Amino acid sequence: MSGLYPETEPYATGTLDVGDGHRLYWETCGAPDGKPVVVLHGGPGSGCTPGMRRFFDPAAYRIVLFDQRGCGRSTPHASERAADLSANTTAHLLADLERLREHLGIERWQVFGGSWGCALGLLYAERHPDRVTELVLTGVATGRRAETDLLTRGLGAYFPAAWRRFRDGAPADGRDGDLAAAYARLLADPDPAVHERAARDWCDWEEAIDVTREGPSPRFASPRFRLAFARLVTHYWSHGSWLEEGQVLREAPALAGIPGVMVQGSLDPGNLLGTPWELARAWPDGELCLIDEAGHSIGDAGMAEALVAATDRFARRGR
């Protein structure tokens, strides 16, 4: 990706006990006395990557990355059959963010999030507006069932062959209902042949609807990653992310006074529901920046440049 800052290494790392048997991996890089920013990865279950550090000027920002419950370097990992997902909900993740902020001694921080991280960041800012200096969002999502229904069923009209394989991978009694819930049952099956096949089928569909991706995702090549990712996504989606339908958009007035930028690919499938424009209307201080010929990935042409331009602009803004 062009336009990014050079690679940088953390100057501090650790794990934070957030209760319920969970420990979160966190790291900080950049300037210890810089403007704080926290990065919220997607999925749920994608985990953070070193490339996420590169959207920020390391001389200006104190960059905080962490792996949400059940994924990345946090423990227990959702790929472990004994991992209990009952204490892995949206409310838990929001509480974890506050624990991490307090643990690191940060009063206010910028929130940077993509896809699921966008929805989580919006919820966090709506509940704790006094803790958020700015929002930089991409792959705009709000956690609505309408959005997950589009991704699991609605896009079948655009990718009929891939969707048929995806649907047929679900149990026969679940193919006409909530596909996320149907897959969640398979992913909880103790038989490795069953849950590994379900993880592969789920991730194959994720790749099929990523219209701008060139070649397979390296992360999906890992059975451990696939299983944790698929378990967490289906766990959240089958529960509606524990949100009332449209909740994030209804509560957007709480974002008043928080400036932000939404960097959105013009080919992102989520645009079919108009979510970025709905959020822009509900959040007057949010600027929508559309990138032509880009999709959902921050690696698409033009996405990185726009995101770095946003963080550079906010780096000059007071804390």
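Q: In which loop is the place of P44?
A: P44 is in the loop between β3 (35-40) and β4 (61-66), where strands are DSSP runs of E with at least two residues and helices are runs of H or I with at least four, numbered from the N terminus. The model is a predicted one, in which local features need pLDDT of at least 70 and side-chain atom pairs pLDDT 80 or more, while totals for chains, interfaces and linings use all residues. Residues are numbered from 1 along each chain as its sequence is written, and side-chain values use heavy atoms, without hydrogens and water.

Q: Why is D20 called exposed?
A: The relative accessible area of D20 is 52%. Exposed means over 50%, buried under 20% and partly exposed in between, with a 1.4 Å probe and protein chains only, so D20 counts as exposed. D20 lies in the loop between β1 (12-19) and β2 (22-30), and its phi is near 60°, a positive value in a residue other than glycine. Most residues other than glycine have a negative phi.

Q: How do you know whether S241 is buried or exposed?
A: The relative accessibility of S241 is 3%, so S241 counts as buried. S241 lies in the loop between α7 (223-238) and α8 (247-250). Its phi is also positive, near 55°.

Q: What makes A125 count as buried?
A: A125 has 0% relative accessibility, and therefore it counts as buried. Its place is in helix α2 (residues 116-127). Leaving aside residues up to four places away in sequence, A125 touches V132, L135, L255 and I258, contact being defined as heavy atoms within 4.5 Å. The C-alpha atoms of A125 and P190 are separated by 39 Å, the two residues being 65 apart along the chain.

Q: Why is Q110 called buried?
A: The relative accessible area of Q110 is 0%, so Q110 is buried. Q110 lies in strand β5 (residues 109-114). Beyond residues up to four places away in sequence, it touches, among others, K35, V38, F56, Y61, E134, T311 and F314. H239 is 129 residues from Q110 along the chain, and their C-alpha atoms are separated by 28 Å.

Q: Why is α4 called roughly antiparallel to α6?
A: Helix α4 (residues 160-168) and helix α6 (residues 192-208) pack at an angle of about 160°, with their axes 9 Å apart. Axes are lines fitted to C-alpha atoms, for helices over the stretch in contact, and angles run from 0 to 180 degrees between N-to-C directions. Angles over 145 degrees count as roughly antiparallel, under 35 as roughly parallel, 65 to 115 as roughly perpendicular and the rest as oblique; α4 is therefore roughly antiparallel to α6.

Q: Which residues of α4 and α6 meet?
A: A162, W163 and F166 in α4 meet D201, W202, W205 and A208 in α6.

Q: What makes α6 roughly perpendicular to α7?
A: The angle between α6 and α7 is about 75°, and their axes are 9 Å apart. That angle makes α6 roughly perpendicular to α7. Residues of the contact include H195, W202 and E206 of α6 and R226, F229 and W237 of α7.

Q: Why is the pair of Y183 and W202 called edge-to-face?
A: The ring centres of Y183 and W202 are 5.4 Å apart and the planes stand at 70°. Rings of Phe, Tyr and Trp (its six-membered ring) pair if their centres lie within 6.5 Å, and planes over 60 degrees apart count as edge-to-face, under 30 as stacked and the rest as tilted; the pair is therefore edge-to-face. Y183 lies in helix α5 (residues 179-187) and W202 in helix α6, so the pair ties together parts that are 19 residues apart in sequence. Both Y183 and W202 are buried.

Q: What makes the pair of F220 and F225 tilted?
A: The centres of the F220 and F225 rings are 5.9 Å apart and the planes are at 45°, so this pair is tilted. F220 and F225 are both buried.

Q: Which residues form one aromatic cluster?
A: The cluster is formed by F159, F166, Y183, W202, W205 and W237. The count of aromatic pairs comes to 15.
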